[in-house]
Amino acid sequence: MGFDQYHEPPGELPAATRTFARMCASLTEEAEAIGWYQQRLAVETDAEAAAIMRDAQGEEFKHFSMDLEFLLRRTPAWREIARGVLFQQGDIVEHGEQAEAAATADDAGAERTGGPDGSGSLGIGSLRGTQG
Amino acid sequence: MNHLLRRLAPLTDANWALIDEEAAERCSPALAARRVVDFAGPRGWQHSATNLGRTRTVAGVPSEAVGAAQRRVLPLVELRADFAISLAELRDHDRGAPDPDLAELDAAAYRIAVAENSAVVHGWREAAIAGIAEASPHDGPVLADTIDSYPRPVAGAVELLLQQGIGGPYGLLLGRDEYTRVIESAEHGGYPLLDHLRKILGGPIVWAPGVDGGVVLSLRGGDFLFESGQDLAVGYDHHDRDAVQLYLQESFSFVAATPEAAVPLRAPRRVTQRARKSRA
């Protein structure tokens, strides 16, 4: 079994980084699958088969979105830039440049912002399943 | 910079890391309710209300033959516990002192955890929160002072939930006195009471400061909903030559969506917090 998602020796990577890399690999696979279904749907003439493919593609949309949200939650700088780009009206490139500039400017105070999502939160969240 | 104004504090990055780590460490053991209810969020500081999906009729529609309804929501409540830390202590920490005095932070962490637990379990009328125990339709048994009396009411509560078709596993929140009694006790034959109760419940027994008595509840999910706006965070208020004034803050709402999925266990022969409040 291969471990292609690791660019560095896995034994030298912390557990959180290995998880991060696995989720990045998963995100890539979901994006590939979305693209494949898009191509299949473009050429499929059987309506019943196309309906199944559309349903399957919807699953991939969900998986991709969940992977992305996970990664954004663990990466404040990425989240900050994504916040300025995603679900915005207007010029995508312009939003991207502005969001990157704002995130870079914030880097000086990033450590003082604190928390895993950059909000200052202590990151406690749910404690279900943890020992008291 | 967000509303916590952390960058205005005269603190180094190492100071903030120390404070955040200490706050998380001190809050977590006492945040009992979060171990047994569903947690949604955090939605952010600007999130103001929980959608209840319900409406109320609005009279006086300014046109004929037009109906109107207004959405009902549950506003989030903000909790804040202030504390001070000596700047001299923090400068010593910068020098490598391993034992800075963070006693006020520790006390604030405990206070805010107690408030959260109490709101979720016993409710908070002024904040429109109906707690698990007060919303439950079940007339729970009393936990007597003797340890022999514990397995029977807990088992009875589990059986009552099963009878209602409410599946497990089940968890048990216990107030400080009751929890101490359980962990220090062995039943006849030496079998630890804690293990016996765990076998009955199939879920955790949780130390819950701020709770009077206890409550048995289903952990199947979907019954008790805690929505976090801003999760617990440390913010900056002001400072002088000697100390920096900080605070622990959070915003949340709580909804008991299936009140019958919990059975309160009443504390024996004590004046409960709620009773004290109502007398005040």
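In which loop of chain B does P169(B) lie? P169(B) is placed in the loop between α5 and β5 of chain B, where helices (H or I, at least four residues) and strands (E, at least two) are DSSP runs numbered from the N terminus. This is a predicted model, in which local features need pLDDT of at least 70, side-chain atom pairs count only at pLDDT 80 or more, and totals for chains, interfaces and linings use all residues. Residues are numbered from 1 along each chain as its sequence is written, while chains are lettered from A and ligands numbered from 1 in the order in which they are written.

**Contact between the chains**

- Chain B contributes 25 residues and chain A 18 residues to the contact; two residues are in contact if their C-beta atoms, placed from the backbone, lie within 7 Å.
- On the side of chain B that touches chain A, the elements giving two or more residues are α1 (13-30) and β6 (205-207) of chain B.
- α1(B) supplies the largest share of that side, eight residues.
- That side of chain B has 15 nonpolar, three polar and seven charged residues (Ala, Val, Leu, Ile, Met, Phe, Trp, Tyr, Cys and Pro count as nonpolar, Asp, Glu, Lys and Arg as charged, and the others, Gly among them, as polar).

**Chain A: domains and helix pair**

- The domain assignment, automatic or from a database, divides chain A into domain 1 (10-74) and domain 2 (76-107).
- The centres of domain 1 of chain A and domain 2 of chain A, taken over C-alpha atoms, are separated by 23 Å.
- Helices α1 (residues 15-43) and α2 (residues 47-74) of chain A have axes that come within 9 Å and cross at roughly 155 degrees; axes are lines fitted to C-alpha atoms, for helices over the stretch in contact, and angles run from 0 to 180 degrees between N-to-C directions.
- That crossing makes α1(A) roughly antiparallel to α2(A) (angles under 35 degrees count as roughly parallel, over 145 as roughly antiparallel, 65 to 115 as roughly perpendicular and the rest as oblique).
- The contact of α1(A) with α2(A) has 17 nonpolar, three polar and six charged residues.

**Chain B: sheet and helices**

- Four strands form an open sheet in the order β6-β5-β7-β11 (chain B), with mixed pairing; two strands pair if DSSP finds at least two bridges between them.
- β6 and β11 (262-265) of chain B are at the edges with a single partner strand each, so one side of each is left without a neighbour in the sheet.
- From one strand to the next, the twist averages 20 degrees.
- Strand β7 (residues 214-218) of chain B pairs with β11(B) in the antiparallel sense over four bridges, and V216(B) stands opposite V263(B) in β11(B).
- α5(B) lies across β5 (170-174), β7 and β11 of chain B, at about 160 degrees to β11(B).
- Helix α6 (residues 176-183) of chain B lies across β5, β6 and β7 of chain B, at about 110 degrees to β5(B).
- The axes of α5 (residues 151-163) and α7 (residues 193-201) of chain B come within 10 Å and cross at roughly 10 degrees; α5(B) and α7(B) are therefore roughly parallel to each other.
- P151(B), V154(B), A155(B) and V158(B) of α5(B) meet H196(B), L197(B), I200(B) and L201(B) of α7(B), and the residues of this contact divide into seven nonpolar, one polar and no charged.

**Chain B: backbone geometry**

- The peptide bond from G168(B) to P169(B) is cis, with omega near 5 degrees.
- A cis peptide bond also joins G41(B) and P42(B), with omega about 5 degrees; P42(B) is in the loop between β1 (38-40) and β2 (49-57) of chain B.
- L5(B), in the segment before α1 of chain B, has a positive phi near 55 degrees.
- Most residues other than glycine have a negative phi, and most peptide bonds are trans.
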